[in-house]
Each structure stands twice: as C-alpha cells, then as structure tokens.
Amino acid sequence: MNTGRRPKTRLGSLLAALAITGASLLLGLPAHADEPSAGASAAPKENPRVDLILDVSGSMNIADIQGKSRISVAQNSLNEVIDALPGETDFGIRTLGATYPGNDKTAGCQDTKQLFPVGKTNKVEAKTAVATLRPTGWTPIGLALRGAAQDLGKGDATRRIVLITDGEDDCAPPDPCDVARELAAQGIHLVVDTLGLAHDDKTTQQLICIANATGGSFTDVRTPQQLTDKVKQLVDQSNDTYTINPVRTTGTDKCESAPVLTPGVYSDREKFSEHRVYKVPVKSGQELRASVSVGLDRAMARDYGVLLQATSATGQELVRGTDAGSTRTDVISTGLRWSTDDSKGYVTASPTTSAKDKDKPDTTVCLVVSNSLAPQAGVHTDPGMPLELTVDLASASPAPEGAAMGLGRGWILLLTLTLAGLFSGLVAGWIARWRIAVWREN
Amino acid sequence: MRTTIRGVLAALALLPALALGAPAASAAPPSPTATASGTAAPATKAGTSFLTAVNLSPGQDADVAVSTGDYLYWAFGASEGQTPTVNLSVNLAPAGDRHGPQTWTVEVFDGLRRRQSCTAGTQNATGDQSATSLTLSCTLREVRTWAEPWSGDPLPGTYYVRLSVTDAPQPDLGLAATAHLHVAAKGNADNAQPEGGTLKAPLVPPVGGGASTAKAAAPVAEKEHWYTGWFSGWNSRWYWTIGGGFLAALAGVLGYHLTRHPRGRRPGHYGAVPPQGSHQHGSYAERP
C-alpha cells in the first residue's frame, strides 16, 4: 500500500514546488528601491580656500608669549604653516593695521590690505611677505573680515577665514561680530576661526562672538606651538569640509507655497518664533527621513528647543521630532522618519514597482521647522539663526512578521522536545506492549 | 539497550557544541571592538558640525588637540544587535591658566540627528580648577533591527558623537586641551531584536560626515531571491530546531525501549514476553 502511494505524493510535491517557483518568479521580482539621488549636494570641483587675516597693529610688539613678541611668534608659525600647506589649498593672507602709523582714527581704521591673494601659493614669496611685516597701526577687524570675504570670492564651496589677532577691535562701527553674522547670513558658506594672542576678557568675548556667528572655533593662544598646530589643523579642516555644500533654500510660512525639496542638504535662516515650511513628495513604499539643526549663533535665553513636524497637506500631524536643552551648545537638532502606510497603519509590503503602485499619487509631506528660542536682551534678532535641513528618501521598512518561520532556539526548546519525544516513546511503547498483552490473552 | 543509551549520551554531549557553533557560523558584521592588526591609526581630527563630522572606521580611536569650548563631532557606524559605548577622556588645560570649574558633555545622536539616550556612563563631568583630566562615557541602547518610523529607537547606521564644554568661565574658553575617543561595541546581529526585522536602508545621512563610514559598516542589503519569503537563511534557530528534533527522536526511541524490552529484568510480571524459545513453548504448552 505504501509503495503504491509514494510516487503520487512525490509528483504532487514536485508540481507544488514548480507552481510556487513560477508564481514567485512572476510576482515577486526583486523590488527595486528608489535610490535617492543626492543631486542637491553634488560638490563642485573647487579648491578649498583659506584666507588668513593677520593683525599687525602696534600692540603686536608686546613680548608676552614665552618671552617672544606676538608678531614674531605669529610670523614663525605662519612660516611653518605655509611650508605645510596642502597642494590643493588656495591660500591667501590679508593684514590689518600694517601700513598706517598715525593717530587719525578714520585713516587708521581703513588700514587693511591684501598681502597675498588667495590662490596657488608661492611659498617663498609668501614667507618673504610675512617676514617684512612690522607692527604699526589700528585694528579694523570688521573691515578686514569684509575684505577677506571679498578675497575669497563667491562660490559654492565652504571657505575659511582664520583671524589671528591680539586686540579688540578699536574701529567699530562696523562691529566685527555684526559683520561676521552678516557674512554668514549671505549664505556664502563662510567660516571664521579666531585665534587670540591677548587674554583680556573683552577680546576673548569678541572673538568668541565672531566664531559663534559663523560656526567657527576660538583658540586662546598660550604657546607658539599651539598657534602653529591650530592654524595647520584649520587649514587641514578646510580640505575636509569644502566639498560639503548645502543648497540655499527659503522656506515659507504655509505649506501651499513651500519650496519642494529633493534628497539633499539645505540651508536656510529662521528667526525667533518663526515657522519655516518645506514640501517633500513621498512615493508609496518610500520612507521620508528628515533632520534639522538650528544654530545658536548668538546669546540666547537659558532654555531652548526645536520642533520638526511632518504634516499632511491638510495640516494633519504625521510625526514629530523634538529636542530641547539648557546648556551651552552650538546647534540643536532633531529628526524624524515617516513612511506611507496601508489600512492597518503599518507598512506591510515591501515597495514594488508594479503598475498598481505607480498609479498611486505621491503623498506630499510638509516639513514644519519651528523653534522655541529667545534672544537675550539687546541681541540682534535679524538675520535669523542658521538652519540646516537634510532630506532623504529611502525604501520603507515593513514591520517584521514575528519569529523565524516557526523555528525555535534555546535550551528550553531542546528540553521540551526531548521530554515530548520521551513521553511519546513511552506511550508508544506502552501501547505496543498493551496490544501484545491483549493479543496474547486472546 | 546499553548501546542505545550510550548513543543517546553521545548525541547529548554533541548537541551543545552544535548549538554553540551556530552563532559563529552565521555571518557576523565586523564589530568596532575588533583589535586586529588592521585597525586604523587614531584620527587626529574632529569635525565642527554634523556635516563635517570625522568618520571613524570600526575600532578606530581619535586623539585630538582641541581648544576648550570647541564643538567636536565624530561619526561611527553601528549595526544591529550591537550596544555601542563611547568612551572619552579629556586632558584639561593647565590648571594655572584656568579660572574655575569646567563641565564637559558627550552627546550621541543617530543618523537623523536625533538625540540618543545613554543607558549608562558619565555623560557629563565637571572638573574643578585643580583637575587635570576628565573621563566621560555613554552606553547606548542595543541597536534594533527595525523600529516603527514613529519611534526613536537606535537603528543600524551612523551615530554622531558630540563632545563639548557645556559650562566654563568665559576666560577659559579657547585654552588648549586634548581629547581621546574610543568607541567599543558588544553584541552581534545574532540576538538582534525584533527578530526577522530589517531596516531596508541604514539610517545614514544623505551627504556629509558619517555618510561613507556608516555605509561601509552597515550590513549590505541582501539580494532578493524567489525563495526569500520561504527561507530566511541559516541562523542558529535551524541548528537548535534540528538538534531538538534529533533529541526528541532519540528520546522517543529510548522511551519505547524502556517499555518494550524489560527482558530478564522483570520476569513474569504482567505478561512479559519470556526471552527463550523453549521456555516460551513450554508456557504455551501449559495452557489448557
């Protein structure tokens, strides 16, 4: 009886397997995930550009860095930095207070000039030019910053200004910190790093303000080696960062008129209590990933927060990301994920490019960026804080279907199966014995 | 009978080896703790923002000269099942130059710049004016294989570390200090939760710092086959289940033998089959 049935069963299972194979091949062709193109951020092949502003005002003569004068320390450091310049870096030098020795403030405060244009550096010439500098005049930092921004020119790549100074600006207006903020707000990807050679509070505060306004760093120079290392590090950093290129965009306050964003990195400005809205079309089976950073580039009230909301076109909230804090920080960030769902509320199917899905219209998701920041008294509220938004679209991830196909794992499983086997064996044995006994009795 | 028992015992002894060998067999992603000779030299840089964060390859440390008050960003990759721990030590500026206590804080964010909670570790440390160094650490939650889009659970992809000075007297900002970063991770994909869950694309920023390293560290998306829905690949569950089935079969045979072959041990008791043929004949003969 057994032998007669077996071929049939085998044929049946073979047919079933074939059917399954065919069906899966037809239906379940590997779903092609829409590769988000990072088109918005394609880096231009532009050399990293660094402009160094050297303070050559009269006070640089003071010999207080391990017994050497500030200017000699700066000159020595610059020599080393110029020697170590990476080949691809466009490097330039601007001086302030180098030429006008007089006491006329108006004239002294115009005293900033380009010592060496930003470009491929002739190292010997550059070093000679630096060596001839003699501390002379005033400290028009604001004007020098503007000049350096012009030296660096317009472009998409991040540019760096390295400011080496020993004194507080004595030429305001323009206030150098305001100038820095104004340059940052132009969206020309400018970072100002400041190095202070004097240690008085007012200078430090001003240089910190300039650095904060542009996302740069501040270093209080105590030793010649520290100065050399830091400037080298900054020049090096411009090499790493110049390719990253957020696209300037301007969010609106309403979803209807909001700019449409594709995957990439964007920059914008947001004022206190302002809402900025952007639109992202999301296809069925796609997951929207967005993150936002708001820079705290001025003196803020103690507590701060940021909120990123994803809403539907009708204003229904879909998901939100939020963060808050109360300590010293540079940016406050948050992010969110969201994907189109089905009737169950979860993404249950992997994205496929079948005709059905193509017919489905894109869902337009509005990203609303708002902040709960407040300025300290007397702080400028215009322009707004720098805002950085990244948008990405990835394949949506379906909810897992539970444990792996009825398979188990662990010692408890082994024990249970063994006991069950033992029990079955015992029962089978007892039944067999009982049957024999019954059969024998009869 | 004796040989059967011996066989069962041998099989029992073998099984743990089989089961324990299973995790090693499944492809485990390279863990950041690997201290192989191929480990990259420590990074000497740190980024200044999320976009410019410096990528750390698995097992790579960072040793950076910094200015007090800098915001330092690094990015590392973590994969499912891992529990990353970020360890930092900071050598503060010379005590003579400082004017008061300093507080340093380490924060960890995921690839979407969402703040990640630390489950253990000293997230911020304050050193008074005489302190020379501070140690900070942050242990994340275990990285999950999948999470609802609405949750903030840690997922495979990029993680950002931000080291900053959160409180210091203003004159102390800008002083030279050094920071050392080490990222360790324990655990592997084998016990990652939830089981069967996958994130189709790791949480990696579209561009900028962290984009490349995390892509390298994150598990490569598996190719889809026609059998993908039916067979999810070898995992330790297969070994456990097959081992369990084997044990059950042996135990079944053992149990059966225990009841069927009491020959000579329990003679004559309730219808036992007498072992010898002649005796058998005799007993039949005795019947009326």
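Reader: Let's take residues 238–258 of chain B: how much of the span is helix, and how far apart are the end C-alpha atoms?

Author: Bear in mind that this is a predicted model. The span is 100% helix and 0% strand, and its end C-alpha atoms lie 30 Å apart. The unreviewed UniProt entry annotates residues 238–258 of chain B as a "transmembrane region".

Reader: Over to chain A, then. Which domains does the assignment give?

Author: Start with the bounds, then look at the spacing. Domain 1 of chain A runs over 49–241 and domain 2 over 246–395. Taken over C-alpha atoms, their centres are 37 Å apart.

Reader: How many residues does each of these domains put into the contact?

Author: Here you count each side separately, with C-beta atoms within 7 Å as the cut-off. Domain 1 of chain A brings seven residues, and domain 2 of chain A brings seven residues. On the domain 1 side, helix 6 (176–185) and helix 7 (201–214) of chain A each supply at least two. Helix 6 of chain A gives the most, with three residues. By class, that side of domain 1 has three nonpolar, three polar and one charged.

Reader: And between the chains, how many residues does the contact take from chain A and from chain B?

Author: The contact takes 83 residues from chain A and 70 from chain B. On the chain A side, helix 10 (residues 411–441) gives the most, with 18 residues. The chain A side divides into 31 nonpolar, 35 polar and 17 charged residues.

How values were computed. Residues numbered from 1 in each chain as written. Chains lettered and ligands numbered in written order. Predicted model: local features only at pLDDT ≥ 70, side-chain atom pairs only at ≥ 80, totals over all residues. UniProt positions renumbered as here; feature names shortened; annotations may be inferred. Helix = DSSP H or I, 4+ residues; strand = E, 2+ residues; numbered from the N terminus. Domains from an automatic or database assignment. Contact = placed C-beta atoms within 7 Å. Nonpolar A, V, L, I, M, F, W, Y, C, P; charged D, E, K, R; others polar.
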